[in-house]
Amino acid sequence: MIPQPTPTLPEELLLLALDPVRGKPFCRNRFLEYAMAGAVLAELELQGRITGQGGRFQVANPLDPPDPVLAGVLRSLPAPGKGGGSSGESAKRWVRHAGRQVEGLYLNALVERGVLRRETHRFLGLLPYHRHPVVAKDLAALARTRFDAAERAGFPDPRSRSLAALVSAAGLSRSVGTGRGSRGAMRHLVHDHWPAHAVLRNIRQDRANQSGGGG
């Protein structure tokens, strides 16, 4: 029932993204999948495990981080000097292909820890889908409080700026209660943070595909 003292960016993002009562994301689920993958990359970069530039990233320190989900993701990436060429992996491609798995891993982890509850529903009585209401509502409220405080301070540190960029990229900024001025500032942060920019590029690709604007 008790989370890590310092939540990782993926955990924090998930608590901000889910309606605590209905257990449904405030954005499209596919967009949240992309954002969760971006949050993993951002967290690994903050911990000095990977480095990124120009839309590509590579492993800098392959030692396992404390979070077991992060450790599993890091082990799945090419070791330094292997795979992806000298310029590393494409962040956009990795986010697109890893998003669903990453989101599933964190949902499972938070369900196992009693932070979320998994409810199975059926669409038209046939196709199953899941909702994840928040059990530990104090943790969800604390995530909102931390985000609000960072917003009022102008997102003063790298972690809060990374989270703000991911929130904006996923289209969650209205749902977390930010003001219009802050939403504009958060949009600018997206382009300064390569993981969030990879998320936004995938979302734009999906929207273009849906509107017939090409692949």
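This is a predicted model: local features need pLDDT of at least 70, side-chain atom pairs count only at pLDDT 80 or more; totals for chains, interfaces and linings use all residues.
## Starting from Leu163

Setting aside residues up to four places away in sequence, L163 is in contact with L9, E12, L13, L16 and F147. L163 itself belongs to helix α6.

L163 and P10 are 153 residues apart along the chain, and their C-alpha atoms are separated by 8.9 Å.

With a relative accessible area of 10%, S160 is buried. Beyond its neighbours within four places in sequence, S160 makes contact with A150 and F155.

If residues up to four places away in sequence are not counted, L14 touches L32, M36, Y106, L107, L110 and L116.

## Helix α3 and what it packs against

Helix α3 covers residues 68–76, and its buried residues are V69, L70, A71, V73 and L74. These buried residues pack against α2 and α4, and also against the strands β1 (50–53) and β2 (56–59).

## A three-stranded sheet

The strands β1, β2 and β3 form an open sheet, in the order β1-β2-β3, with antiparallel pairing. β1 and β3 (89–90) stand at the edges with a single partner strand each, so one side of each is left without a neighbour in the sheet.

For T51, the bridge partner in β2 is Q58.

## Glu33, a buried charged residue

E33 sits in helix α2. Is E33 buried or exposed? At 4% relative accessibility, E33 counts as buried, since the cut-off for that word is under 20%. Leaving out its neighbours within four places in sequence, E33 is in contact with G99, R100 and E103.

## Phe26 in a loop

F26 is found in the loop between α1 (9–17) and α2. F26 is partly exposed, with a relative accessible area of 31%. Ten residues separate F26 from L16 along the chain, and their C-alpha atoms are separated by 8.7 Å.

The contacts of F26, again not counting residues up to four places away in sequence, are L16, A17, L18, D19, P20, R144, L172 and S175.

## The largest pocket

Now for the open spaces. The largest pocket has a volume of about 360 Å³. Of the 17 residues that line it, P25, N29, E103, H130 and R131 are the closest to its centre. The elements that give two or more residues to this lining are α2 (29–46), α4 (91–112) and β5 (127–131).

Which element gives the most to the lining of the largest pocket? That is α4, with four residues. By type, the lining residues divide into seven charged, five polar and five nonpolar. E103, one of the residues closest to the centre of this pocket, is also a contact of E33.

## The second largest pocket

The second largest pocket holds about 280 Å³ of space. It is lined by 14 residues, and S168, A169, G171, S173 and R187 lie nearest its centre. At least two lining residues come from each of α6 (158–169), α7 (180–192) and α8 (194–210).

Helix α7 gives the most to this lining, with five residues. The lining of the second largest pocket divides into six charged, four polar and four nonpolar residues.

Key:
Residues are numbered from 1 along each chain as its sequence is written. Side-chain values use heavy atoms; hydrogens and water are left out. On a 1 Å grid over the protein atoms alone, a cavity is a set of points where a 1.4 Å probe fits but cannot get out, and a pocket is an open set with protein on both sides within 12 Å along at least five of seven lines; lining residues have an atom within 4 Å of a point. Grid points are joined across faces, edges and corners, and a volume is the space filled by probe spheres set on the points. Ala, Val, Leu, Ile, Met, Phe, Trp, Tyr, Cys and Pro count as nonpolar, Asp, Glu, Lys and Arg as charged, and the others, Gly among them, as polar. Buried means under 20% relative accessible area, exposed over 50%, partly exposed in between (1.4 Å probe, protein chains only). Contact means heavy atoms within 4.5 Å. Two strands pair if DSSP finds at least two bridges between them.
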